[in-house]
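Welcome, and please get your viewer ready. This tour goes stop by stop, telling you what to select next and what you will find there.

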Amino acid sequence: MRPFFVLIVFGLRCIRHTDVTFNLYIEEAEVKKIIEGVDYMERTIILSLVVIILFGVLSGCGEGKITENQVEVKVNPTEKVVTKNFSFSVKPETFEITINKDGIKEQAAIPIPASKVTDYKKDAQKVQWSYSEHKVKVNIEKKPTYLDITIQSTGADHFQWPKVNAVSYMLPMWEGKFIPSNDSNWKMFLKEEEISWSETFSMNFFALNKASYSLVYILKNAFNNDVTFDTEKDIQLQFSHEFPSVNLDKTYGFRLYVTDNDATQIAGLYKQEVEAKSGIVTLDEKAESNPEIKKLYGAPHIYLWNNDLITSLDMDWDKWMKTLESPFYPRLSQLLEQHTEDGASEFNQVLNEVTKQSYLDKYQKSVIVRAFNQALKLEQLYDSNIFKPIDEATQKLISKGISNLSEQKLYELNKMLIKSILKDAIRPIDQWGKENSSEIIDEMKQLNINNAWIGLPNWSNGLMNPTFVEQAEQAGYLIAPYDSYHSIHKKENKDWNTAYFGDNNLYEQATILNKKGEYVKGFLGRGRKLNPTLSLPIVKDRLQIILQDGITYNSWFVDADATGEVYDDYSREHPTIQEQDMKARLERMAYIANEKGMVVGSETGNDFASGTIAYAHGLETPVIKWSDPDMRKNKTSQYYVGGYYSPTGGIPERYRKQVPIKDLYKKIYIDPTYSLPLYKLVYNNSVITTHHWEWGSYKIKDAVVERMMMEFLYNVPPLYHLDGQEWEKDKKRIAAYLKDWTPFHQKAVTRPMTGFHTLTPDRLVQKTNFGSDMKVIANFSDSDYKDDQGTTIKPQSIVIYEGRIKKALDLAAI
């Protein structure tokens, strides 16, 4: 007995001082207990088996080889997602992990510089150790279908692990990307990039495609993570985690799975994780609480630019010239100077010019109209010495006290005041701005566009024209204002009203302080960022103020809340961690959805918000390279996307102007070769996602047809920016496209996306499946492609299959 015992102990010590290999380790005391607890025959059988096992151990001990002992993974054969049986080994000194599946070994984590290991422990399924140098503790446990990895800070403020390599990566960057590790485009794009995980990755996993199988890391902590890339040779991904001092949770980690090199399998594995942890709420399930959500099915997303209620078309300029002697104009100049950011100098100059002319040019008209529209928003407009006589309706509002009027009633009063001055120099009030509003709605219905989401740039646009909002709602459309609680400004600006909340104390008492003791700046460097955990009361106040007069908004768009841009707040008065920030954003969106009955959407749509929102803008085409000066600052560049301001009150240049994008960005952001519908494979029938409003369907020059093809392939709503001018130009094309897209989307959005495949080696012919009986094949190549039924699919076209019915679409012909 003693020789066998020595043999066992020797073998186990050999294992202990080389790689950690599972599942084999047994403590010496446990071995002695087992041997002494059985009779002679049982003992002989057990020891014979031990000798066989140890032969394998000893044969590799001297060379430091990894011993494999797999644990069988039971998988329901009817499930489409298959997790692979595997064993693993780890070198604690370097934290290198190697996976062994069917005798094929792959590195799951590149070694870090060797460090001294302390507090080392292991048993049959677990290993743990500490790094005194890094001040972290590591715990790894083999579960039936995955490897559970936890890293705990024992004093560290950050830790970098894992660093990984692969033949290619499948990453949920935005909708999803396929990144070959030797690809020159991605090397150039990712060089020296540091990416916030929660902002750039729509879901919490990353997949490493090795030669024979894929390794999938699923995050256990989605917060305080960053990713960098080593692009000197083949692309390597470096994951980093920060342990903020304000956060008591000092752990992060992963579940590491093995599956096929297949996007459907990888996304399906993550989907199973989400379903087991928190569940996925489908759109149909959300519609049980709010049936209005079904209006999104088959709906294009349209930003309707009626920023200026009064337009040049509303004016009779010859008659207007006769009103110039009115004391109203000096009063208006004074108000503009005192209460607007732009002041009155431009207005005064134009007034001075036109008094010497018999006509007005286009620029002069736009300045005058802008002044009228600014006046509509001012509480100070009414002056009893100027506006007289007053009719009964106007007097009734004035008698209530102007400071007591709601925003909608203030606009109602000011419209009547301006009309009283201009008289027949301007159309009747109910016709103001009709070319940018009511006439478009009428024509949409005439063109059989029966489903649409309509977004207004601001809630005030609707409050100025509530009849139009009611018209859109009665037509069966969703209509939503843009709203935001992201930035806060110290002073009110009527043109940026989302960033002002009335309570001046909020700017000092409810804003985010970073770890350097500096306030986090607001959008475009203006103001500060508002702490979301302190925002719900002002959300409730704002909604009550906007809706108090019964305006019929039935949808609401909340900027930034689903982007993953979340913060740790180091303020002593309201310390907050990123997770609390995220939950507060969800809480305020849920309030708008549940308490106000709105169909709620937000920016991007990262999956933490999937249970709350119904739609999102920015996941399919995100903001393209915000930091490129040729796109954002250099106005002479062909790539300049345009400014935010529209002098005519219509679509700002940033959303109207069609521009090319640099070849590198075209590859990264819209090239189908690199695109994967990872988000859709998980959330297709849960959240409707489309382009960012900066990158609508027609924005990118020479890419319109390709993007329309993707809208079918990925089941994505087109996103348009319209005013009267753009509608007149594009309405026939839009209607022709929606004739096929709308019925397709109405069906596809109620099904899960069940498959994605590239059908040619160059990845330019792709197929998506929806449910069990619907699929789309898109041919992005320059050559004909024949499907498995012998159908020829022409270049730059798609075919929709539903059961035995198929329909080919040449989108370039639309």
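Start by selecting serine 484, which is buried at 6% relative accessibility (buried means under 20% relative accessible area, exposed over 50% and partly exposed in between, with a 1.4 Å probe and protein chains only). Before going further, note that this is a predicted model, in which local features need pLDDT of at least 70 and side-chain atom pairs count only at pLDDT 80 or more, while totals for chains, interfaces and linings use all residues. Residues are numbered from 1 along each chain as its sequence is written, and side-chain values use heavy atoms, with hydrogens and water left out.

**Around serine 484**

Serine 484 belongs to strand β20, residues 478-484. Helices (H or I, at least four residues) and strands (E, at least two) are DSSP runs, numbered from the N terminus. Now show histidine 486 as well: its backbone nitrogen lies 3.3 Å from a polar atom of the serine 484 side chain. Which residues does serine 484 touch, not counting residues up to four places away in sequence? Select Thr498, Phe501, Arg542 and Asp559 to see them; contact here means heavy atoms within 4.5 Å.

**On to serine 555**

Next, select serine 555, in strand β23 (residues 555-559). Is serine 555 buried or exposed? Its relative accessibility is 0%, so serine 555 counts as buried. Show the side chains of two partners here. Tryptophan 453 makes a side-chain polar contact of 3.2 Å with serine 555, and the side chain of tyrosine 615 makes another with the side chain of serine 555, at 3.0 Å. A polar contact is a pair of N or O atoms within 3.5 Å; within protein, one must be able to donate a hydrogen and the other to accept it, and residues adjacent in sequence count only if both atoms are side-chain atoms. Leaving out residues up to four places away in sequence, serine 555 touches Trp453, Leu478, Ile479, Ala480, Pro481, Met598, Val599 and Tyr615.

**A first helix pair**

Two packed helices are described by the angle between their axes and the distance between the axes. Select residues 536-547 for helix α18 and 578-594 for helix α19: their axes are 10 Å apart and the packing angle is about 25°. Axes are lines fitted to C-alpha atoms, for helices over the stretch in contact, and angles run from 0 to 180 degrees between N-to-C directions. The helices α18 and α19 are therefore roughly parallel to each other (angles under 35 degrees count as roughly parallel, over 145 as roughly antiparallel, 65 to 115 as roughly perpendicular and the rest as oblique). The crossing of α18 past α19 is right-handed; a crossing is left-handed if the near helix is turned anticlockwise from the far one by less than a right angle, and right-handed if clockwise.

Ala, Val, Leu, Ile, Met, Phe, Trp, Tyr, Cys and Pro count as nonpolar, Asp, Glu, Lys and Arg as charged, and the others, Gly among them, as polar.

Move to α24 (704-713) and helix α25 (residues 724-748), whose axes come within 10 Å and cross at roughly 20°. That makes α24 roughly parallel to α25. Here, too, look for a right-handed crossing as α24 passes α25. Select Val704, Met708, Glu711 and Phe712 in α24 together with Arg733, Tyr737, Asp740, Trp741 and Phe744 in α25, and you have the residues that meet. The classes in this contact of α24 with α25 are six nonpolar, no polar and three charged residues.

**Backbone stops**

Aspartate 702 sits in the loop between β26 (688-690) and α24. Phi of aspartate 702 is near 65°, a positive value in a residue other than glycine, and aspartate 702 is exposed, with a relative accessible area of 66%.

Asparagine 448 lies in the loop between α14 (438-446) and β19 (453-456). Phi of asparagine 448 is positive, near 65°, and this residue is exposed at 61% relative accessible area.

For cis peptide bonds, select tryptophan 161 and proline 162, where omega is near 0°; proline 162 is in strand β9 (residues 158-165). Then try lysine 388 and proline 389, joined by a cis peptide bond with omega about -5°. Proline 389 is in the loop between α11 (362-376) and α12 (392-399).
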